[in-house]
Amino acid sequence: ELDLDIEGPEKDFLDGLLKVLHEDPTVDRNTIIFMLEDFLGGHSSVGNLVMLCLTAVARDPEVGRKIRAELDGLTKGKRPVTLLDRHSLPYTEATVFECLRYASSPIVPHVATENAAISGYGVEKGTIVFINNYELNTSEEYWNEPEKFDPSRFLEKTKVRVRRNSFCDSGMESDGERPRKPAETEKEVWSVKRNIPHFLPFSIGKRTCIGQTLVTTMSFVMFASIMQEFEIGAENLEDLRQKPACVALPKDTYNLFLIPRKH
Ligand code: HEM
């Protein structure tokens, strides 16, 4: 029996799904359950990931200081962070990635749909193949000091062209007659490494996670916004227990303190 007013307006997403189940004979219960699972899973994975980022800051105040220096340097404490700031806040974004590195699932199961060879190993059609992200993310083969929490492992220096507002002016009179172009210079900036071949928290290929952009963008904005406004603390660092290879926090999890910052 449905606890739903079929005639009345939908109160929430679940009502919408139940209504479709009731009204559309081509939609079955499993479809509804999978849709619900994707949305609930999506919602909680962002929340959990942000909690993991805040936990990392509570554990290691130096990480927090670097993030705040980056945030305050950009906004001068005068405006909230937005998604467009992502490229100007590489250390903050790298912290989200470093948390994902710790938390990525060790079980991403796939089934070979045809006979294949992977790195010289024969894989018969029907074989279950796991991408073990945990191993990829914590092996010394791929990372320096993998057990250390260090967002800067995701950073690199890149060259960008910047336009100066001032105009090129040699001081010669003839300059006045030429069309004036803004001066361009090259600058080295820190940015987040993209496409690290062994860092695949969302897997790759046809079945790659459809929620990855949502997760990385929403987590970034939420985490950065909280960091802008609050100091993060914990009563007892011993409480901040985290399961490896797991984004989800336990049901009865620890508390963090958010203390308003003085601007
Ligand atoms: C920290 C958060 C998340 C992580 C680490 C993650 C990771 C993954 C991984 C590893 C897969 C398997 C890909 C494969 O089979 O090769 C996957 C699949 C999937 N994810 Fe996520 N995910 C996250 C959040 C989300 C969110 C927020 C949504 C939805 C809003 C979502 C929707 C999906 C869906 C629908 C699939 C199945 C795609 C398919 O089979 O075609 N995920 N995810």
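Let me start with Lys-78, which sits in the loop between helix H3 (61-75) and helix H4 (90-103). Helices here are DSSP runs of H or I with at least four residues, strands are runs of E with at least two, and both are numbered from the N terminus. Lys-78 has 73% relative accessibility, so it counts as exposed. On the terms: buried means under 20% relative accessible area, exposed means over 50%, and partly exposed lies in between, with a 1.4 Å probe and protein chains only. From Lys-78 to Ser-45 the C-alpha distance is 30 Å, for a sequence separation of 33 residues.

Before going on, the basis. This is a predicted model, in which local features need pLDDT of at least 70 and side-chain atom pairs count only at pLDDT 80 or more, while totals for chains, interfaces and linings use all residues. Residues are numbered from 1 along each chain as its sequence is written, and side-chain values use heavy atoms, with hydrogens and water left out.

Two further residues belong to the H3 to H4 loop. One is Lys-76, which is not a glycine but has a positive phi of about 55°. Lys-76 is exposed because its relative accessible area is 57%. The other is Asp-85. Is Asp-85 buried or exposed? Asp-85 counts as buried, because its relative accessibility is 7%. Setting aside residues up to four places away in sequence, Asp-85 touches Leu-74, Arg-79, Pro-80 and Phe-220. Contact means heavy atoms within 4.5 Å.

Another aspartate, Asp-15, lies in helix H1 (residues 13-23). Asp-15 has 8% relative accessibility and therefore counts as buried. With neighbours within four places in sequence left aside, Asp-15 is in contact with Leu-4 and Glu-10.

Which residue is the protein donor of the iron atom of the ligand? The only one is Cys-209, through SG, at 2.3 Å. Donors are N, O and S atoms within 2.8 Å of the metal (3.2 Å for Na, K and Ca); water is not among the atoms, so sites may look incomplete. Cys-209 is placed in the loop between strand E6 (182-192) and helix H6 (212-229).

Ser-203 is also found in the loop between E6 and H6. Its phi is near 65°, a positive value in a residue other than glycine. Ser-203 counts as buried because its relative accessibility is 10%. In helix H6 we have Gln-212, which is partly exposed because its relative accessible area is 24%. Gln-212 and Thr-138 are 21 Å apart, C-alpha to C-alpha, and 74 residues apart in sequence.

Finally, the whole chain. There are six helices and eight strands, and from the N terminus the order is α-α-α-α-β-β-β-β-α-β-β-α-β-β. The radius of gyration is 24 Å, whereas a compact globule of 263 residues would have one near 18 Å. That radius is taken over C-alpha atoms, and the globule rule is 2.2 Å times the number of residues to the power 0.38. Along the principal axes, the C-alpha atoms fill a box of roughly 85 × 55 × 50 Å. Buried residues make up 33% of the 263. Of the contacts between residues at least 6 apart in sequence, 68% join residues at least 24 apart.
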